[in-house]
Amino acid sequence: MAETPQNPEERARLNRELAQMLKGGVIMDVTTPEQARIAEEAGAAAVMALERIPADIRAAGGVSRMSDPKMIKGIQEAVSIPVMAKCRIGHFVEAQVLQAIDIDYIDESEVLSPADDVYHIDKTAFAVPFVCGARNLGEALRRIAEGASMIRTKGEPGTGDVVQAVSHMRLINAEIRHVQSLRADELFEEAKRLEVPVGLVRYVHQHGKLPVVNFAAGGVATPADAALMMQLGAEGVFVGSGIFKSGNPAKRARAIVGAVTNYRDPQVIAELSEDLGEAMVGINKDEIDLLMAERGK
Amino acid sequence: MATAVLALQGAFEEHERALADVGEASFELRSAADLARPFDRLVLPGGESTVQGKLLREEGLLSPLRERIAAGMPVLGTCAGLILLARAVEGDGSRKSAPDAAQTGPWIGTLDVVVKRNAYGRQLGSFHTEGQLGDLAHVPMTFIRAPFVASAGPAVDVLATVDGRAVAVRQGAQIGLAFHPELDADRRIHKSFAKL
């Protein structure tokens, strides 16, 4: 390896830049090496290795934890694209374990049971990058202040219902537009209201975007869902249960990849949406007891 | 005329900004229909080469672009873009199963080099450095899960090396870089590419 300069600022930059390379791509949840290969062949930009996809986590109930490192390694050996894995919110030792097995990205995720109901992980203490979920601008900027180098909407995982991802993406973007509209001397109060450092509010004020890449996640089940999130301003899409809970995972995965690339072309999305077989059986958020998006604010 | 920036997946907006900074007009090349727009040079951005390669094929872009590049159209490929240009692609050796050829390339295959993918390992192996590139001194070089050029044919000039490995090459009007000039503020590479 070349001179690996690991001063924290440079490391943080490299980690944000990996997320930039994932833009316009689809990151797929996979539970086995076989699924990982299907995802890669279908054009996934990265895979998320986990033992159970969110829909099954919901069904099983109980405490849900980081996956077995052996299972994650099996997936790392199966594909050449980046491999991500989830740790529980606040569980910095699970994150240390994932860093030790050379994971490409850690998702500090509300899909798993939170390990800490107050503190998130100090992600600045890690060399490996983190992605975190957010429902609004305050959550997004707090995670970035803690060191997240990529943000995704929380949505409502494992439901196949895109409504929460839509509302989170709209809210984050509406709040960004609001911050842009403020006078410079109003940013201090805005930082107080959002409970975030003023420097990050200034960045949003100047650039009209988050300082890191922002993906959609949580409830994306169809090519049209994926294109909807892209048209709403997502820079890429996570698909969890939507693929391997559906009738024809390989075909649906390819179709979602195509829809993200051609998200402004309804003709192409129409063709991609034909004959996909059964979509995952959706559950409405009003029918479920556990709202994962309420975890980790 | 304009530069077409392949916009199937990855960091294509960063290249568009870099080209705008040096006064070069560009547009996004997303499908075969976009080939009808006039362009006299091409940028292949960073991203995931397996994704871009697959979409190049499916969108019907692979053969038309290969023909134009073979006919001498200037092309700049960075990271995944270098992999797409390479005559042959080597894996990183970590993969235990044998993937099919559609996933491992070669794709465009006009640049006479063998490229090793993920040559520096996973994300923890990503790094930033600075080096000489042809006539240019102190060029910032950002390597993200980067490849390097394992071997190059006689018509290929090596423009830059890092730790003895070729990371920038040129063959005629084809320039392949293992790193990402679009991520740094230095615009000298885009400037000289726009003059090719």
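Biologist: Is B:Cys79 buried or exposed?
Modeller: In this predicted model, B:Cys79 is buried, with a relative accessible area of 5%. Buried means under 20% relative accessible area, exposed means over 50%, and partly exposed lies in between, using a 1.4 Å probe and protein chains only.
Biologist: Where does B:Cys79 lie?
Modeller: B:Cys79 sits in the loop between β4 (75–78) and α4 (80–85) of chain B. Helices (H or I, at least four residues) and strands (E, at least two) are DSSP runs, numbered from the N terminus.
Biologist: What is the phi of B:Cys79?
Modeller: Phi of B:Cys79 is near 60°, a positive value in a residue other than glycine. Most residues other than glycine have a negative phi.
Biologist: And what about phi of B:Asn118?
Modeller: Phi of B:Asn118 is near 45°, again a positive value in a residue other than glycine. B:Asn118 is found in the loop between β6 (111–116) and β7 (127–133) of chain B, and B:Asn118 is buried, with a relative accessible area of 10%.
Biologist: Before we go on, what conventions apply to numbering and confidence?
Modeller: Residues are numbered from 1 along each chain as its sequence is written, while chains are lettered from A and ligands numbered from 1 in the order in which they are written. In this predicted model local features need pLDDT of at least 70, side-chain atom pairs count only at pLDDT 80 or more, and totals for chains, interfaces and linings use all residues; side-chain values use heavy atoms, with hydrogens and water left out.
Biologist: Back to cysteines: how many disulfides are there over all chains?
Modeller: A search of the whole structure finds zero, a disulfide being a pair of cysteine sulfur atoms within 2.5 Å. A:Cys132 is in no disulfide, and the nearest cysteine sulfur, that of A:Cys87, is 8.0 Å away. A:Cys132 is buried, with a relative accessible area of 1%.
Biologist: Now helices. At what angle do α6 and α9 of chain A pack?
Modeller: Helix α6 (residues 137–145) of chain A packs with helix α9 (residues 198–207) of chain A at about 120°, with their axes 10 Å apart. Axes are lines fitted to C-alpha atoms, for helices over the stretch in contact, and angles run from 0 to 180 degrees between N-to-C directions. That makes α6(A) oblique to α9(A); angles under 35 degrees count as roughly parallel, over 145 as roughly antiparallel, 65 to 115 as roughly perpendicular and the rest as oblique.
Biologist: Which residues make that contact?
Modeller: A:Leu141, A:Ile144 and A:Ala145 of α6(A) meet A:Leu200, A:Val201 and A:Val204 of α9(A), where contact means heavy atoms within 4.5 Å.
Biologist: How do α10 and α12 of chain A pack?
Modeller: Helix α10 (residues 223–231) of chain A and helix α12 (residues 249–261) of chain A pack at about 25°, with their axes 8 Å apart. α10(A) and α12(A) are therefore roughly parallel to each other. The contact is made by A:Pro223, A:Ala226, A:Ala227 and A:Met230 of α10(A) and by A:Ala255, A:Ile256, A:Ala259 and A:Val260 of α12(A).
Biologist: Last topic: which residues does A:Val213 touch?
Modeller: Not counting residues up to four places away in sequence, A:Val213 touches A:Ala19, A:Gln20, A:Lys23, A:Met150, A:Ile151 and A:Glu235. A:Val213 lies in strand β7 (residues 213–215) of chain A and is buried, with a relative accessible area of 5%.
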